[in-house]
Amino acid sequence: MNPENCEGTLAVPLENALDSIQCIRDRVRDGESGDQDGPFDLSMFWDTLNHAVEATSQDVTKLSLAFSRPPLPSLQDGEKLVESVLNSLQALSEVYHRLHKNQGMTLRRQVRNATVEVLDGILRLVDVIISSPMQSLTQEQITSTREVWSACDRFVRLPKDNKEALLVVVSSQSGVIKDALDEMKHVLFEPEDPFRDCVIDDPEDGSDHDVPPCHQDMSLTEKDRQVIRACLEILETAAACLRKLRSAVEDNSDTTEPQKVAQLDDLADITREISPSVEDLSLCLYPPISYSGVENHMSTLAATLRKLLDVIRASHVCGEAELTWVQFLEAAVDHNVQKAKESIELDS
């Protein structure tokens, strides 16, 4: 930051605001909710939170406009603008902290992340105001202001209870699996070398440029193709697990009892473990394929899917109808893992 860009002593309240906003942000990011006595009105919470977000957006807009063109506000007016922003952010923080854990940690995590995003955006905006020339509205200030507006607008799209929060997690993980499936199908069925555009030829390396050295290991063997096909089936099974989980949650989930809310958190926690295994497995399937890596990450993914199915079976979202597909998918995981291992063990 360059405080000299901010005329007079206006830099002082702005710099003090940075410290205060960072403290508020850290408390939201790292703090715990307060004790909740008596019934919790989730609908009232959302009304209060939306009002706090709207007030924050309005105060930030006023602050940005005040420092976007001459004449700059007086020291007194500048201090009032900063104080108004800080009051709005403090109110936003206090409303967030009212969301008790018994409403679901998955919901609380997503509301927390959205609140931190707003606070981070305002930190960047104030920093830009301090460091930018005061005689014109910079593109950086416009961008920072829009980022804060976008972060505030996100609140209307947040899940309203732990059921919706879990479905957000399921959708996110499903997207990761879909991307991995699309990538692997492209590698498997691309008629030409899918890595041809990534090769960098160095004319001074003395290599035979008719066949670049890095291309020599990029072709798929028949064994490679069988291994990729087997892993695709595992990824398809993972996708099926999430489709069935989504259906079960939509049909059977209950957020009226703390124990059932906690079960939705358990489902969200294990569901989030899927994407790292999927990504690790996918990376191993690019030629030259690491068969040991494929086997290790495939086993990790399979273990995660089995655990997910166990958690589903033990939760209230699993009725008699759901138990049938839980058992079917457990068998499918075991079958596909065995098939993949047999492909890996084939002679090249």
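## Contacts along the chain

Take the contacts in this protein, meaning heavy atoms within 4.5 Å, between residues at least 6 apart in sequence: 81% of them join residues at least 24 apart. This is a predicted model, in which local features need pLDDT of at least 70 and side-chain atom pairs count only at pLDDT 80 or more, while totals for chains, interfaces and linings use all residues. Residues are numbered from 1 along each chain as its sequence is written, and side-chain values use heavy atoms, with hydrogens and water left out.

## The overall build

The protein has 11 helices and 0 strands. Here helices (H or I, at least four residues) and strands (E, at least two) are DSSP runs, numbered from the N terminus.

Of the 348 residues, 45% count as buried, that is, under 20% relative accessible area, with exposed over 50% and partly exposed in between (1.4 Å probe, protein chains only). The protein exposes about 17600 Å², and carbon and sulfur atoms supply 49% of this area. Accessible areas come from the Shrake-Rupley method with a 1.4 Å probe; for residues, only the protein chains shown count as cover.

## Two helices that pack

Two packed helices are described by the angle between their axes and the distance between the axes. Helix H4 (residues 105–131) packs with helix H8 (residues 258–272) at an angle of about 60 degrees, and their axes are 8 Å apart. The axes are lines fitted to C-alpha atoms, for helices over the stretch in contact, and angles run from 0 to 180 degrees between N-to-C directions.

Which residues of H4 and H8 meet? From H4 come Met105, Thr106 and Arg109, and from H8 come Leu264, Asp265, Ala268, Asp269 and Arg272. By class, this contact of H4 with H8 has 3 nonpolar, 1 polar and 4 charged residues. Ala, Val, Leu, Ile, Met, Phe, Trp, Tyr, Cys and Pro count as nonpolar, Asp, Glu, Lys and Arg as charged, and the others, Gly among them, as polar.

## A look at valine 148

Find valine 148 in helix H5 (residues 139–153). Is this residue buried or exposed? Valine 148 is buried, with a relative accessible area of 0%. Leaving aside its neighbours within four places in sequence, valine 148 is in contact with Val60, Gly121 and Ile122.

## Cis bonds between prolines

The peptide bond from proline 70 to proline 71 is cis, with omega near 0 degrees. Proline 71 lies in the loop between helix H2 (42–66) and helix H3 (75–97).

Proline 287 and proline 288 are also joined by a cis peptide bond, with omega about -5 degrees. You can find proline 288 in the loop between helix H9 (274–284) and helix H10 (291–314).
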